[in-house]
Amino acid sequence: MSQATELAAAAGSTDPRVGLRAVLALRRLLERLEVVQVDNARRQGWSWQEIADALEVSRQAVHKKHAGRPAVRGSWEA
């Protein structure tokens with residue numbers, strides 16, 4: 001079972017301490033994955049509007065969050 005699958009299962013725990021810790025870990029994982037995929041899209045020439053559309057947010061929101069920060073490579077990339 002993958003770490004993400006284990007976290008998703010833990011998020012449904014009846015123990016609030018377990019569930020909330022899992023929610024926090026999933027939130028952090030999602031933020032890292034978003035950074036990796038936004039960087040991937042920008043490297044492939046996507047506009048801020050295309051990225052915003054895919055994430056269902058405004059262009060301004062995605063630009064504010066991601067423009068100007070250093071690119072991050074995914075841990076699975078060589």
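Visitor: Start with D39. Which residues is D39 in contact with, leaving aside neighbours within four places in sequence?
Guide: R69, P70, A71 and V72. Keep in mind that this is a predicted model.

Visitor: Where is D39 found?
Guide: D39 belongs to helix α2.

Visitor: And does D39 count as buried or exposed?
Guide: Buried, because its relative accessibility is 7% and the cut-off for buried is under 20%.

Visitor: What does A67 touch, sequence neighbours within four places aside?
Guide: A67 is in contact with W48 and V62. A67 has a relative accessible area of 27%, so it is classed as partly exposed.

Visitor: New topic, helix packing. At what angle do α2 and α3 cross?
Guide: Roughly 140°, with the axes coming within 10 Å. Here α2 covers residues 16-43 and α3 covers residues 48-55.

Visitor: What do you call that arrangement of α2 and α3?
Guide: Oblique. The angle is roughly 140°, and roughly antiparallel would need over 145 degrees.

Visitor: Which hand does the crossing have, left or right?
Guide: Right-handed, for α2 passing α3.

Visitor: Which residues meet there?
Guide: From α2, E34, V38, A41 and R42; from α3, W48, I51 and L55. By class, the residues of this contact of α2 with α3 are five nonpolar and two charged, with no polar ones.

Visitor: What about α3 and α4, what angle do they pack at?
Guide: About 105°, and the axes of α3 and α4 are 8 Å apart. That angle makes α3 roughly perpendicular to α4.

Visitor: Which residues make the contact?
Guide: On the α3 side, W48, Q49, I51, A52 and L55; on the α4 side, R59, V62, H63 and H66. The classes in this contact of α3 with α4 are five nonpolar, three polar and one charged.

Visitor: Which residues make up the largest nonpolar core?
Guide: Six residues: V38, A41, W48, I51, A52 and V62.

Visitor: Which elements give two or more residues to this core?
Guide: α2 and α3 do. The most come from α3, which contributes three residues.

Visitor: How far apart are the C-alpha atoms of L55 and R43?
Guide: 17 Å, for a pair 12 residues apart along the chain.

Visitor: What about the backbone at E56, what is its phi?
Guide: Positive, about 55°, although E56 is not a glycine. E56 is placed in the loop between α3 and α4, the latter being residues 59-66.

Visitor: Is E56 buried or exposed?
Guide: Exposed, because its relative accessibility is 73%.

Visitor: How far is A4 from A25, C-alpha to C-alpha?
Guide: 9.0 Å, with the two 21 residues apart along the chain.

Visitor: And A8, where is that found?
Guide: Also in α1, which covers residues 3-11. A8 is partly exposed, at a relative accessible area of 45%. The C-alpha atoms of A8 and G19 are separated by 8.9 Å, and that pair is 11 residues apart along the chain.

Notes:
Residues numbered from 1 in each chain as written. Predicted model: local features only at pLDDT ≥ 70, side-chain atom pairs only at ≥ 80, totals over all residues. Heavy atoms only, no water. Axes fitted to C-alpha atoms, helices over the stretch in contact; angles between N-to-C directions. Helix = DSSP H or I, 4+ residues; strand = E, 2+ residues; numbered from the N terminus. Parallel < 35°, antiparallel > 145°, perpendicular 65-115°, else oblique. Left-handed = near helix turned anticlockwise from the far one by under 90°. Contact = heavy atoms within 4.5 Å. Nonpolar A, V, L, I, M, F, W, Y, C, P; charged D, E, K, R; others polar. Core = buried A, V, L, I, M, F, W, Y, C linked by side-chain atoms within 4.5 Å. Buried < 20%, exposed > 50% of the residue type's maximum accessible area, 1.4 Å probe, protein only.
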